[in-house]
Each structure stands twice: as structure tokens, then as C-alpha cells.
Number of protein chains: 2
Amino acid sequence: MPSRRRADPAPPTVSVLRLGHRAGRDPRLTTHLALAARALGADRLYLHPPDDALADRVRAVAKTWGGGFEVVGVSEWRRTVLEFPGPVVHLTMYGEPLARRLTAMRRARRLLLVVGGAKVPSEIYRTSTWNVAVGHQPHSEVAALAITLDRVRGLPGPGAWAGAERVVVPQSRGKKVAERRRRSAP
Amino acid sequence: MPSRRRADPAPPTVSVLRLGHRAGRDPRLTTHLALAARALGADRLYLHPPDDALADRVRAVAKTWGGGFEVVGVSEWRRTVLEFPGPVVHLTMYGEPLARRLTAMRRARRLLLVVGGAKVPSEIYRTSTWNVAVGHQPHSEVAALAITLDRVRGLPGPGAWAGAERVVVPQSRGKKVAERRRRSAP
């Protein structure tokens, strides 16, 4: 069941800000967060603090599978929040139910979704436009981000993304991947 | 927007099977997977191979926040799949679009959702009832599981779970948690 109707306006473009990344401890978790953001239609991940190795790994995936997703390291996350030209939505189990803000989120042209780890600066609760809970139990920023993107934008369908070298051909059994030749520069 | 209508029958009870857990490498990722499964309404996580330390950590969360979720270590995952009394749905980017199987999944009384890491035994593609893709891009088993649970069961609302010691009181700003006295045994 698609969660958006045909008559709906275009969904917002979404950026994600990940606060409090710990390069030594979180590499796989933040990689999952970045790949989920990309796969579910976000345009970019702002990563605080920056982590070049992680950005390179995600860039390699985007080169293979297409699309324009990017990881942007940010040293000053406050500026990213304060200067963002649209609603800033902090995902936290302590916030309001997602359903209460979903219509407004869908109507925005641009959204910034903010996710933290166990410890986020308390300031973000005040500077966000909304603090929104995806359920009110402790779970995972990857899960909260994924559900929010699905509810706001719906799931991307099958088919190659712009510039992709590879594309999945959906199967009821087994794996099928088609290689695509990239157009060479003119 | 709730994804289930009032007239729908009760949603299925859901178990999750996590294949190929690596206790040394995956502790945080599998913890996120287990907590997301619990927070989004699954009843249990079958974990292969077993990991007692992880099961203990999740049990501590369930003791504080309530509900009956459990982590069950399994040494022989094939038996879990073959003996499950309902559809077995393997989540993989190579499968059919989720939308194609969602109605059937919602009608089941019991569902087993199977998630693997980078390498899953190819056998699971044959022994599952369905292989289902939550988008067709590489991302995260935590994200795929979360979206599937949301689409099949909807998001749990606010309020204390059975036996909880603590409950979040949703706020538009800041954090509020209420402590609940547990009933002592008669």
C-alpha cells in the first residue's frame, strides 16, 4: 500500500544530520544510517564530526548503484541546523507522536531530519522545529529514520538510478543484477 | 496517517530471525535490530548463532520498559524456518517489491521475518515463503525490518507496556519519563 496518493504534491527533499558520530566506535552503525538515508530517498547526510573514511565508503556505493547522495562532514552542526531552509525535525523517543506532525512534514519543500546517538546535546530539543517520536520505546536511529523517510516519501520502486553501473532485477527466488554500461563523457 | 484501518483484522504476531550474527563484530548492530524489533511490536528475536550477552542486554531494556519481548538463541536456524507455523518472509534487496506481498503478510496470523547480514546462506532464498525487498538498493537490515514492521503492524502509540517500570510522557520540547511502581507479587 503506497503511503502517498497520486494527487499529493511532490514529497519534500530530505537531508539528514547525524550528531555525535564516533568514528572509532560507530563505523558500521553510521554506515547503515547513511545507506538507509540514501536508499530511502534522502539527498545527503550531514555528519558530525566529519569522517572521511565513511564518506568514501558511501561514495563507492553511490558510484555503483547511482543517484546523487552525498555525505557532507560538518564541524559546526549548529550552523547546519540554524541555516537550514525548512523544518528541522529531531527524531527522539521523548518527542510527540510522528502522526501528529506528518502532514506538516509532507507539505514542506525541504526537511532536515536530525538523529543522535545515546547522548545528544540538549540544545537540539530547543532549536529543532519539532521533536518527533517514532514510537516511544528505546530502539534505533536507523529504524526511526527509515520509518520517517517511508512515511514522508514512500519507498522508491525498482529500476536503475541515474548514473548507476548496476541495477537489481527483482526476483521471487535468488539474485539477479544487471550491469549497465556508463555513458562516456562527450 | 495510520497505515491500518479500524476494520482490519488483528495484525499478525511477528517473530524475527537474524542469521549470521557475529558476536565480536556486530554487537551494536544486532542490539539495534533487537530493540527495533521489540519497539515496533515483534514478539521475539531468534538469534543465530546465540549470544547470551546480547540477550541479557535486551532483557534489561525489556525489564525497564515492559512488554514480553525475548531474544532466543538458536543453533539450528533451519529448524526455526521449517517448523514456523506461518509465512516466512526473507527481507533482501533482490526480492519482490514489498507492496506485492503486503496484503498477504497482513492477513497472516503469524509471520517470521528473516534478516541476514552481507552473507546469507543461499538456501534461505528457496526455503522462505517469499523473498521481499524494502527498496532495491543496498542499505540496512535494521531499516528494512523497521519499515516492514511499520507497514504490517503500524506504530505502537504512547503509553506504558505491561510490567513497565518507566514510561515516556511525550513532549514537544525536552524529556519526560514517569516512574511506575511495580505491583508486588501477592
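Biologist: Leaving aside neighbours within four places in sequence, which residues is H90(A) in contact with?
Modeller: In this predicted model, H90(A) is in contact with V114(A), V120(A), I124(A), Y125(A), S128(A), W130(A), N131(A) and V132(A). Contact here asks for heavy atoms within 4.5 Å.

Biologist: Good start! What makes H90(A) count as buried or exposed?
Modeller: Its relative accessibility is 2%, and buried means under 20%. H90(A) therefore counts as buried. The residue sits in strand β4 of chain A, residues 88-97.

Biologist: And how do you know that β4(A) and β5(A) pair, and in which sense do they run?
Modeller: A pair needs at least two bridges, and 3 bridges join β4(A) to β5(A). The two run parallel, with V88(A) opposite L112(A) of β5(A).

Biologist: How many bridges join β1(A) to β5(A)?
Modeller: There are 6, again in a parallel arrangement, and R18(A) faces V115(A) of β5(A) across the pairing. β1(A) also pairs with β2(A), residues 44-47, through 4 parallel bridges; there S15(A) stands opposite R44(A).

Biologist: Why is β1(A) called largely enclosed?
Modeller: Of its 6 residues, 13-18, 5 are buried, so the rest of the structure largely encloses this strand.

Biologist: What kind of unit do β1(A), α1(A) and β2(A) make?
Modeller: A right-handed β-α-β unit, in which α1(A) covers residues 27-39.

Biologist: Now the whole sheet, please. What is the order of its strands in chain A?
Modeller: The order is β3-β2-β1-β5-β4-β6, an open sheet of 6 strands with parallel pairing. At its edges stand β3(A) (70-73) and β6(A) (130-133); each has a single partner strand, so one side of each lacks a neighbour in the sheet. On average, neighbouring strands of this sheet are turned by 35° against each other, direction ignored.

Biologist: Which strands does helix α4 of chain A lie across?
Modeller: Helix α4(A), residues 98-107, lies across β4, β5 and β6 of chain A, at about 160° to β4(A).

Biologist: Last stop, chain B. What makes the meeting of D150(A) and R151(B) a salt bridge?
Modeller: Their side chains are 2.7 Å apart, N to O, and the limit is within 4 Å, so the pair qualifies. The count between chain A and chain B is 2 salt bridges. The contact takes 59 residues from each of these chains, and about 5100 Å² is buried between them, 60% of it from carbon and sulfur atoms.

Terms used: Residues numbered from 1 in each chain as written. Chains lettered and ligands numbered in written order. Predicted model: local features only at pLDDT ≥ 70, side-chain atom pairs only at ≥ 80, totals over all residues. Heavy atoms only, no water. Buried < 20%, exposed > 50% of the residue type's maximum accessible area, 1.4 Å probe, protein only. Right-handed = clockwise from strand over helix to strand, strands pointing away. Axes fitted to C-alpha atoms, helices over the stretch in contact; angles between N-to-C directions. Buried area = accessible area lost by both parts, 1.4 Å probe.
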